[in-house]
Amino acid sequence: MAHLPPRQLPGRRSVLRGSVVASAALALPGVAAAAPALALSGRPGAAWGVQAGDVTAHSGLVWVRSDRPARMVVETSATESFHRPRVWRGPLLGPDTDFTGRTQLHGLPGGEQIHYRVRLADPDDPRRTGEPVSGTFRTTPTKRGRGVRFLWSGDLAGQGWGINPDRGGYRVFEDMRRLDPDFFLCSGDNIYADNPIPRTATLPDGRTWRNITTEEKSKVAETLDEFRGAFRYNRLDDNLLRFSAQVPTIMSWDDHEVHNNWYPGQILDDDQYTVKDVDVLAARARRAFSEYFPISTLPPGDPEGRVYRVMRHGPLLDVFVLDMRTYRDANSPDRQPDDHQGIMGAAQLAWLKRELRRSRAVWKVIAADMPLGLVVVDGPEDFEAVSQGDPGAPLGRELQVAELLRYIKHERITGTLWLTADVHYTSAQHYEPSRAAFKDFEPFWEFVSGPLSAGGFPGVALDGTFGPRQEFIKAPTQSNASPDEFPQFFGEVDIDGHSGDLTVRLRQEGGEVLFTKVLRPGRVGQ
């Protein structure tokens, strides 16, 4: 990859040695992935690997799951040798969090490679510990000279396309791991709680797609244990385990963590469900989501926790993670002339304005879980995202976005761009007021990439309200194209530490670059 700047890759012996401890057992279709038994012989084990998340210049969260009650203990070191490591005593892992836990690391050196390993200790005999599981991450830089490079995507195990051992599982995670990014931004749909994983599916050419399956993924998720099982399913994949042991995450969520196109207050009309109240399902999904990812603002069991937050990545980058699901109004024809709630809710919009104004970063990435100018429908009359296909003045949810874009212009906030997934293809849109019905904003870019492992879908129409022009798109012509028929996608953002130039690359499975755009700092429109 000649276009990548030279970079010393972290040593991976500890990561690859310790991150995958049960691959042979988990490579068989139909493998059980039940919750841990409370009475097991031997020592605590961590077959679901480790992951780090929400890393800053001096802190980070480390996650693990045990196979029984255990005390989480984390050791950190500047080297793989773990000579004179720093020791962090973490929580007691038990059934209240599905035996998951995370430990907050603090006081770390900025801009450095951190090696960590997790030991699980018998709570009745701390000398009895399991095999350590290792990982690594880089803390964010404190000086501008070091660049920033990260990846983003979303949509995992959708439409029944799960972990297929015949094609090596979720291969895209190995492609991303080899790029050794500073972090991975997931734009939502980390699971498909509403899509069971069948043992097999027949492809259009007659071939058979085989899935690893589990009891929890044999039906839609309704109970807390079923939601937990859906999150646990993806960690049966070796590629994902190696990736998460090496690359820290910034996680968001969207609809499929709960149900397709859900909104607060909805009552489902879906024969697959006995629980029809979406608010009940969302509370259970949110609890499992908080247990299975290290998110600094969403501790497990905290009703005041939230998904939206800003992650500051040194002088070059701030990432504003949005939650366009929890606070939205109901899906509708979306042509109302007033809409104070919109897709983010009033409180989140006020937060976003405030944090954008405070930001001193060169680049301000707005990590949305839905696109702006792409028309995403919900049935024959309603709409799911921001736009509804009317190219005129803003209506419905567009009013909130128009307010935000106007604010960005009038406060002279530079360096904004939008990243998302959701639509199961990859594209690049440039928004320009001279083409728009609403003109009180500065030009900006939006980039879409995904899925990671789900069905591909044809491109959708553009809404002209904010003047989008599609500079690139790669999408299948048929709906629900399998990962064997159409490639999976992810995006890369690479910020040069000296010039500040930001390069976006849209990539497909295997690493091939499909589209490249270079943006200059301090300029609008590009």
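Guide: Helices (H or I, at least four residues) and strands (E, at least two) are DSSP runs, numbered from the N terminus. The residue to begin with is His424, which lies in the loop between β19 (416–420) and β20 (426–431). This is a predicted model, in which local features need pLDDT of at least 70 and side-chain atom pairs pLDDT 80 or more, while totals for chains, interfaces and linings use all residues. Residues are numbered from 1 along each chain as its sequence is written, and side-chain values use heavy atoms, leaving out hydrogens and water.

His424 is not a glycine, yet its phi is positive, at about 70 degrees. Its relative accessible area is 5%, so His424 counts as buried (under 20% is buried, over 50% exposed, in between partly exposed; 1.4 Å probe, protein chains only).

Arg84 is not a glycine either, and its phi is positive at about 55 degrees. It is placed in the loop between β3 (70–77) and β4 (86–93). With 73% relative accessibility, Arg84 is therefore exposed.

At one end of the order, β14 pairs with β15 (residues 317–321) in the antiparallel sense, over 5 bridges. Met311 has Val319 of β15 opposite it.

Another loop to look at runs between β21 (444–448) and β22 (468–474), and Pro451 is found in it. The peptide bond that joins Gly450 and Pro451 is cis, with omega at about 10 degrees.

Elsewhere in the chain there is strand β12 (residues 208–210), which contains Thr208. Its relative accessibility is 48%, so Thr208 counts as partly exposed. Apart from neighbours within four places in sequence, Thr208 is in contact with Thr200 and Ala201 (contact means heavy atoms within 4.5 Å). Asp166 is 42 residues from Thr208 in sequence, and their C-alpha atoms are 10.0 Å apart.

Helix α3 (residues 171–178) packs against helix α5 (residues 238–246) at about 30 degrees, and their axes are 8 Å apart (axes are lines fitted to C-alpha atoms, for helices over the stretch in contact; angles run from 0 to 180 degrees between N-to-C directions). That angle makes α3 roughly parallel to α5 (under 35 degrees is roughly parallel, over 145 roughly antiparallel, 65 to 115 roughly perpendicular, the rest oblique). Among the residues that meet are Phe173 and Met176 in α3 and Leu240 and Phe243 in α5.

Helix α4 (residues 224–234) and helix α6 (residues 278–292) pack at about 40 degrees, with their axes 9 Å apart. They are therefore oblique to each other. On the α4 side, the contact is made by Leu224, Phe227, Arg228, Phe231 and Arg232. The residues from α6 include Leu281, Arg284, Phe289 and Tyr292.

Definitions and conventions:
Two strands pair if DSSP finds at least two bridges between them.
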